[in-house]
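Me: I have a chain open here and would like to talk it through with you. Can we go from the overall fold down to a few single residues?

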Amino acid sequence: MSAAATARPVPGWRAALYRAAPALGLFAAARLTGMLVMALWAWHTGRSPRALLALSWDSDWYLGIAAHGYGTTLYWPDGVVQSDLAFFPLYPALVRVVATVLPVAGGTAGLLVSWTAAGAAAWGIFLVGERLYGRGVATALVLLWGLLPHSIVLSMAYTEPLLTAFAAWSLYAVLTRRWLWAGALAALAGAARPNGIAVAAAVGAAAVFEAYRLIRSERRTDWRLWAGASAAPAGWVGYVLWVGVRKGDPLGGYFAVQAGWTSRFDFGAGTFAFVRRVVTRPMDLGFTSALLITAAAVVLFVLFALERPPLPLLVYTAVLVVIAVGGSGFFESKPRFLLPAFPLLVPVACALRRARPKAAAVVVAALAGLSYGYGTYLLTLAPMAL
């Protein structure tokens, strides 16, 4: 009997990880290099790279929730009321678990959660890209995601890596008709960030379309289809209602908390007002860059939609873009809100795959320089919040 005949079959997840290994290696190299560049500059200016990655801006809020639970509210002279109830619970819960199990401080636990989630997200993105466009495009997609100008956030104690991980794997589950997994992962995504509702919308839309297709072909719908679709919004809805009950207004309490942070959905009025300010007066580099990145995201969405992608990816990306562009508040944070919208990079990944190797290498090198330089600026020099 031959060795091939007696060899054990490779488990599916191991084969998938083996195929994704080159892409994951490129992603890890991109992010490690970005952190190294930032760390060298931080040391040069006498600052701690770990503190910058683990304790900057919203990271401090998440670590506070992980350590002490909810209950912190800050009142500012300009009338802004910042309550920690604006932050969804899954990430601080995971940080608390890691800090309890391992002998590490909260900041280090937060980084471990984020770095693990970023790796899981890169793997999920690869599998989605591979299934739809092939291994080459999938590899380029993962690399581009790791080289976005603001991808330093993927190395910080922030929630975007966690949301992207659940989103990518939920979308992959939808594409492979694993409805229960899709719904469960979407529910976790909804418990991670406010815009995690985009994953539930994608699962729900895909379920409705699949049910319609089955009914037209006179076939019975699987109960798993409706169970997954029903579970998908549970994380988001559950937390919003919990905050509402705590604030004495079940349906409006959470949105009142967000309004205290000057964050509300105003159908783009706040975005339009910000654009007017940017084009009529001098602004800090971070604000101008945020506008350019957001505008680029809108263009990329149009290009992505023109390729007629699968419905769940289209719905997921559309909801993320609509939330980012249609919401008011901290405009400088909009590029971060769009980090989970990895399908926006599909047109660029396809173009990169078709390009000549030398041209592709030049593009990647330019993106890497921009990513490392801008990421260092965001954490060490920029005056605005991420």
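Me: What share of the contacts with a separation of 6 or more comes from residues 24 or more positions apart?
Reply: In this predicted model, residues 24 or more positions apart account for 74% of the contacts in the protein chain that have a separation of 6 or more.

Me: And how many helices and strands are there in the protein chain?
Reply: The protein chain has 19 helices and 2 strands. Its radius of gyration is 21 Å, close to the 21 Å that the globule rule gives for 386 residues, so the chain is as compact as a globular protein of that length.

Me: What box do the C-alpha atoms fill, and what percentage of the residues is buried?
Reply: Taken along the principal axes, the C-alpha atoms fill a box of roughly 75 × 50 × 50 Å, and buried residues make up 51% of the 386 residues in the chain.

Me: What about the surface and the charges?
Reply: The accessible surface comes to about 18100 Å², and 68% of that belongs to carbon and sulfur atoms. As for the charges, there are 30 positive and 14 negative ones, and their mean positions lie 10 Å apart.

Me: Which residues in H5 are buried, and which helices do they pack against?
Reply: Leu-90, Tyr-91, Pro-92, Val-95 and Val-98 are buried in H5, and the buried residues of this helix pack against helix H4 (58-68), helix H6 (106-133), helix H8 (160-175) and helix H9 (179-190).

Me: Now the loop between H15 and H16. Is Glu-307 buried, partly exposed or exposed?
Reply: Glu-307, which is placed in the loop between helix H15 (285-306) and helix H16 (311-326), has a relative accessibility of 39% and therefore counts as partly exposed.

Me: What is Glu-307 in contact with, leaving aside its neighbours within four places in sequence?
Reply: With those neighbours left aside, Glu-307 is in contact with Val-346 and Pro-347. The C-alpha atoms of Glu-307 and Pro-347 are separated by 8.3 Å, although the two are 40 residues apart along the chain.

Me: And what is phi of Arg-308?
Reply: Phi of Arg-308 is near 55 degrees, which is a positive value in a residue other than glycine. Arg-308 also has its place in the loop between H15 and H16, and with a relative accessible area of 76% Arg-308 is exposed.

Me: Where is Phe-267, and what is its phi?
Reply: Phe-267 is found in the loop between helix H13 (253-260) and helix H14 (269-280), and its phi is near 60 degrees, again a positive value in a residue other than glycine. At 74% relative accessibility, Phe-267 counts as exposed.

Me: Over to the strands: where is Pro-77?
Reply: Pro-77 has its place in the loop between strand E1 (73-75) and strand E2 (81-83), and it is exposed, with a relative accessible area of 84%.

Me: Last one, which residues is Leu-24 in contact with?
Reply: Leaving aside its neighbours within four places in sequence, Leu-24 is in contact with Leu-17, Gly-119, Ala-122 and Trp-123. Leu-24 itself is placed in helix H2, residues 12-44, and its C-alpha atom is separated by 27 Å from that of Val-319, 295 residues apart along the chain.

Note on methods:
Residues numbered from 1 in each chain as written. Predicted model: local features only at pLDDT ≥ 70, side-chain atom pairs only at ≥ 80, totals over all residues. Heavy atoms only, no water. Helix = DSSP H or I, 4+ residues; strand = E, 2+ residues; numbered from the N terminus. Rg over C-alpha atoms; globule rule 2.2 N^0.38 Å. Buried < 20%, exposed > 50% of the residue type's maximum accessible area, 1.4 Å probe, protein only. Contact = heavy atoms within 4.5 Å. Areas by Shrake-Rupley, 256 points an atom, 1.4 Å probe, with all protein chains shown as cover. Lys, Arg positive; Asp, Glu negative; His and termini not counted. Charge placed at Lys NZ, Arg CZ, Asp CG, Glu CD.
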